[in-house]
Amino acid sequence: AVVSTQSTGEGKFTDINSKEKKNQVDFALWKSSKPGEPFWDSPWGKGRPGWHIECSAMADSICNKQLDIHSGGEDLLFPHHDNEILQAEGYSNAKQWVNYFIHAGHLSIEGCKMSKSLKNFITIKDALKKNTGRQLRIHFLSHSWRGGLDYSESAMSEAVATEKYFNDFFLLVKFHKSSLGEGISSFTKQTPLELQLYSSLQECQKTVHNALADSFDTPAVMRALKAILSDSYSYISAQKDGPNVRLLVQVAVYVTKILSVFGVVTSNDKIGFASAAEGSVSTDEIALPFVKALSEFRDEVRASARAVKAHDILTKCDNLRDNVLPELGVRLEDREPGEPAVFKIDDKETLLREKKQRQEELVRKEKEKAEKAAAREKAAKEKLEKGKLSPQDMFRTAQYSAWDQSGLPTKDAKGADITQSQLKKLKKLQAAQDKLHKHYLQHISDLEI
């Protein structure tokens with residue numbers, strides 16, 4: 001068992017010699033209990049099982065003689081899992097107790113291993129106060145299960161951005177889908193652009209399948225999903241006559257399906273994150289026709305208001321977009337004049353949070369603008385105050401004992417002549433002061449006028 005365990009790569013045995021061991025690969029099956037610890041009577045006295053034998057006994061009791069998959073942190077690879085194998089195979093005479101071991105990487109907080117002693121410990125409950133379960137899942141999926149996972153503000157910001165990237169695409173597809181007709185007329189002939197996107201979708205599906213088959217490589221899956229979304233956006237931009245909506249729906253349905261497998265999408269909707277009760281019609285499907293009618297009416301009102309320069313009406317249209325509709329869970333995005341606005345059914349809390357962020361950003365910019373204005377005013381006052389001094393008088397201090405007609409020093413305080421290099425520097429300073437003084441005199445003259 002020792003040889004087979006080492007050869008399978010399940011860790012290695014310590015080479016540290018211990019005086020308590022007869023052999024360097026020995027480990028405790030039963031340990032004497034210390035004062036205060038639980039104990040059981042045994043032929044060797046009062047004691048308790050070693051922590052390795054506990055797991056082997058529980059697994060044998062519940063899962064019988066063999067396990068298909070055994071998981072744990074990478075720190076349990078040795079000695080814990082090695083010792084479990086020795087115990088279980090020795091007890092049951094099994095040739096292979098576990099078919100596959102899965103060792104997960106450690107969780108770190110802001111780059112440091114999560115530990116209560118380091119006071120960087122966080123629970124799922126606390127994490128959910130800062131981010132949604134969907135955002136946490138996206139963050140987990142972006143990292144390999146067997147690699148380290150870092151939980152930090154910057155990492156979660158990336159997860160939030162990824163969620164928004166997916167959601168924006170779903171909402172855009174739903175917007176185009178709302179205008180899709182029925183019958184044969186809704187089908188269009190595929191152009192080379194459509195064929196290219198369809199080929200990208202097939203490549204994405206192949207990549208996702210291979211990634212999941214390769215030790216559940218979820219980071220590769222997430223990259224592939226974002227890549228097909230990027231290709232779809234490029235297609236929409238390049239297709240000037242309007243996109244092939246059915247093809248976009250096909251992309252959105254596939255991406256939603258894969259995210260559903262990961263628990264990122266928990267609704268019954270075929271597209272996106274919107275929730276719907278079991279067996280019910282999607283809220284989006286009910287609301288979209290009404291939102292579309294309102295959006296088209298607003299487009300006509302804005303066009304008429306622009307024609308007669310009715311700015312008060314345009315302001316009311318902006319208020320509908322920025323304040324009224326977000327409260328109802330509707331996102332409205334204006335485009336170039338003459339083009340219809342894009343409307344999307346979105347999460348109300350998300351829209352209100354974005355609205356708050358825009359308001360906070362506006363306040364920040366106004367504050368920054370006021371601070372810059374105050375700094376400029378302060379600098380201007382300091383410049384005027386400094387310009388009060390005449391350049392002819394600026395060097396008439398105890399540092400010098402003689403000056404020429406322009407006020408430049410000719411001798412220092414001890415009576416020694418000013419050198420040419422010193423005089424050159426003094427002339428530059430006086431020239432700068434001359435500009436400041438002229439600016440000051442002009443300012444005084446302007447005030448008198």
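**Figure 1. Strands S5 and S6 pair in the antiparallel sense.** In this predicted model, strand S5 covers residues 107-109 and is joined to S6 over two bridges. Within this pairing, Ile109 stands opposite Cys112 of S6. In general, the strands of a sheet are paired through hydrogen bonds of the backbone, in either a parallel or an antiparallel way.

**Figure 2. Strands S6, S5 and S7 form an open sheet.** The sheet has three strands, in the order S6-S5-S7, and its pairing is mixed. Strand S6 (112-113) and strand S7 (149-151) are the edge strands, and each of them pairs on one side only.

**Figure 3. Helices H6 and H8 cross at roughly 45°.** Helix H6 is made of residues 153-177 and helix H8 of residues 218-238, and their axes come within 11 Å. The crossing of H6 past H8 is left-handed.

**Figure 4. Residues of H6 meet residues of H8.** On the H6 side, the contact involves Thr162, Tyr165, Phe166, Asp168, Phe169 and Leu172. On the H8 side, the residues are Met222, Leu225, Lys226, Leu229, Ser230, Ser232, Tyr233 and Ile236. Sorted by class, the contact of H6 with H8 has nine nonpolar, three polar and two charged residues.

**Figure 5. Helix H5 packs against H8 at an angle of about 110°.** Helix H5 consists of residues 133-141, and the axes of H5 and H8 are 8 Å apart. The two helices are therefore roughly perpendicular to each other, because angles of 65 to 115 degrees count as such. In this contact, Ile138, Phe140 and Leu141 of H5 meet Thr218, Pro219 and Met222 of H8. By class, five residues in the contact of H5 with H8 are nonpolar, one is polar and none is charged. Met222 of H8 meets H5 here, and Met222 is also listed in the contact of H8 with H6.

**Figure 6. Arg321 and Asp334 form a salt bridge.** The side chains of Arg321 and Asp334 meet at 2.7 Å, taken from N to O. This pair links distant parts of the chain, with the two residues 13 residues apart. Arg321 is in helix H11 (residues 311-324), while Asp334 is in the loop between strand S8 (330-333) and strand S9 (342-345). The count for the model comes to 22 salt bridges.

Notes
Residues are numbered from 1 along each chain as its sequence is written. This is a predicted model: local features need pLDDT of at least 70, side-chain atom pairs count only at pLDDT 80 or more; totals for chains, interfaces and linings use all residues. Side-chain values use heavy atoms; hydrogens and water are left out. Axes are lines fitted to C-alpha atoms, for helices over the stretch in contact, and angles run from 0 to 180 degrees between N-to-C directions. Helices (H or I, at least four residues) and strands (E, at least two) are DSSP runs, numbered from the N terminus. A crossing is left-handed if the near helix is turned anticlockwise from the far one by less than a right angle, and right-handed if clockwise. Contact means heavy atoms within 4.5 Å. Ala, Val, Leu, Ile, Met, Phe, Trp, Tyr, Cys and Pro count as nonpolar, Asp, Glu, Lys and Arg as charged, and the others, Gly among them, as polar. Two strands pair if DSSP finds at least two bridges between them. A salt bridge is a side-chain nitrogen of Lys or Arg within 4 Å of a carboxyl oxygen of Asp or Glu. Angles under 35 degrees count as roughly parallel, over 145 as roughly antiparallel, 65 to 115 as roughly perpendicular and the rest as oblique.
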